[in-house]
Amino acid sequence: MTSKATQLYADAHPVAQSDEKDSAWIKSKRYWYWISVILPAAPLISSYFAIETGYGILLWFTVALMYAILPFIDRIVGLDSSNPSDELVDKLKDDRYYVYIMYLATAMHWVSLVGMAYVVSHFEWSWISILGGALSAGIVNGVALVAGHEMGHKVNDKAQVTCAKLILACSGYGHFFIEHNKGHHRHVATPEDPASSKMGETIYKFVKREIPGAFKRAWELEAERLHRMGKSEWSLSNEIIQPALVTVTAYTLMTAYFGPIMIPFLAIAAAFGWWQLTCANYVEHYGLLRQKDDKGRYERCQPHHSWNSNHKASNLILLHLQRHSDHHAHPTRPYQVLRDFEDVPVLPSGYPWMFFISMIPPVWFSVMNPKVIEWAEGDMNKVNLDADVRDEMFKRYHNPKVAA
Amino acid sequence: MSNPEYKKYCCVTCDLIYDEEIGFPEEGIPAGTLFEDIPDDWTCPECSASKSDFFLTN
């Protein structure tokens, strides 16, 4: 039997499968993924040197790592040419070793957050140093959301879902895995998705619909699930309330033991963690739009509806989230076997640098708008456009290529 | 009366249910189509996840 609805990834192919050299790299990545356990310690390590030397400015190190050092490393190290072969995918995807790394990372993220809370509250720092410490904790909270995303997709694995809730609770963003799975994956690359950005929309405008929109959608989805089971959304079965209780308990204890400095510290660290996710959502589908069929239904999400980056260094740190087309095709596919696709929209840099330029709208627009136009072949009707600048964008860019 | 042999499958990502008894006629999959008979490259109509991301459910 054939199905007319099977066009999705039929025309897209993963980049050529690995040869022997690539296969060796894929196997060595096994050890490189320990970076997910080590990276959360970066603020603590820099704090040690700040305490030893008295240079409070070192508390900013993780911020510099994110926006300066990592983009530089990405540029130097370059792209990851390797893709796991089908045989290797079968072998690696069920290897629990990679899951245990995520469990250890979960523990490390809490150690890092509590450790930084201790550091900012037990030593004499200027407010600017404390700000650096809080923002550094925020960067790490953002990385925690990536691990939470990874585990939050493994819905049929209770231990992974529990760890997802725990790690998302670091920044009080426990609703994410519900909203992301059942919301974003359904509505991706449509104007209805609060987690897909529109061309011409600055990140500062995007965040105002993304954060409240995501929470509202998560709550509605969870309430609907609980009502189906005959339960109230105001119960401990609510998977948004569960991680929220972890956050409230931990934050209350830290404030009780470490003092009122925890209020701005935790607020900034959480908010900056959320901001990292906002940047990811802003970058991943900017301007890309799924078309509607004759019945007014959106076409399925296809590889060309996600921006990808195949940079080796940032992919290791971000659990191959940048191989985003494959993620939307196989949402439960574990990070160690996500693949790069041919002929998909490609970002000019890895996420760290793209996050940085997303915060400077004129630079972002100058880099990304031409790429969206090229993707849409000049037809602005095919672009997910911010309605407020629609006329301006049409006037400026609409020039559809006519088939010969 | 429904055929007790028909099963239901749930998309692990978005919770969409594929009911073999109902099929997905609008997708070209007639009622009564067993899940195993759906082409392997078929994807979830809601979230585009692959067929392998569906699991047997009650």
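## Contacts within chain A

In chain A, 72% of the contacts with a separation of 6 or more are between residues 24 or more positions apart; two residues are in contact if their C-beta atoms, placed from the backbone, lie within 7 Å. This is a predicted model, in which local features need pLDDT of at least 70 and side-chain atom pairs count only at pLDDT 80 or more, while totals for chains, interfaces and linings use all residues. Residues are numbered from 1 along each chain as its sequence is written, and chains are lettered from A and ligands numbered from 1 in the order in which they are written.

## Overall form

Chain A has 17 helices and 0 strands (DSSP runs numbered from the N terminus: helices are H or I, at least four residues; strands are E, at least two). Its radius of gyration, taken over C-alpha atoms, is 21 Å; the globule rule gives 22 Å for 404 residues, so chain A is as compact as a globular protein of that length. That rule is 2.2 Å times the number of residues to the power 0.38. The C-alpha trace spans about 70 × 55 × 45 Å along its principal axes.

## Buried residues and helix H8

Of the 404 residues of chain A, 50% count as buried, that is, 20 or more other C-beta atoms lie within 10 Å of the residue's own, with C-beta atoms placed from the backbone. In helix H8 (residues 158–168) of chain A, the buried residues include Gln160(A), Cys163(A) and Lys165(A). Among the elements covering the buried residues of H8(A) are helix H6 (97–122) and helix H7 (127–152) of chain A.

## Where chain A touches chain B

Contacts link 21 residues of chain A with 21 residues of chain B. On the chain A side, helix H9 (176–187) and helix H14 (324–329) are the elements that give two or more residues. The largest share, 4 residues, comes from H9(A).

Note on methods
Buried ≥ 20, exposed ≤ 12 C-beta atoms within 10 Å, placed from the backbone.
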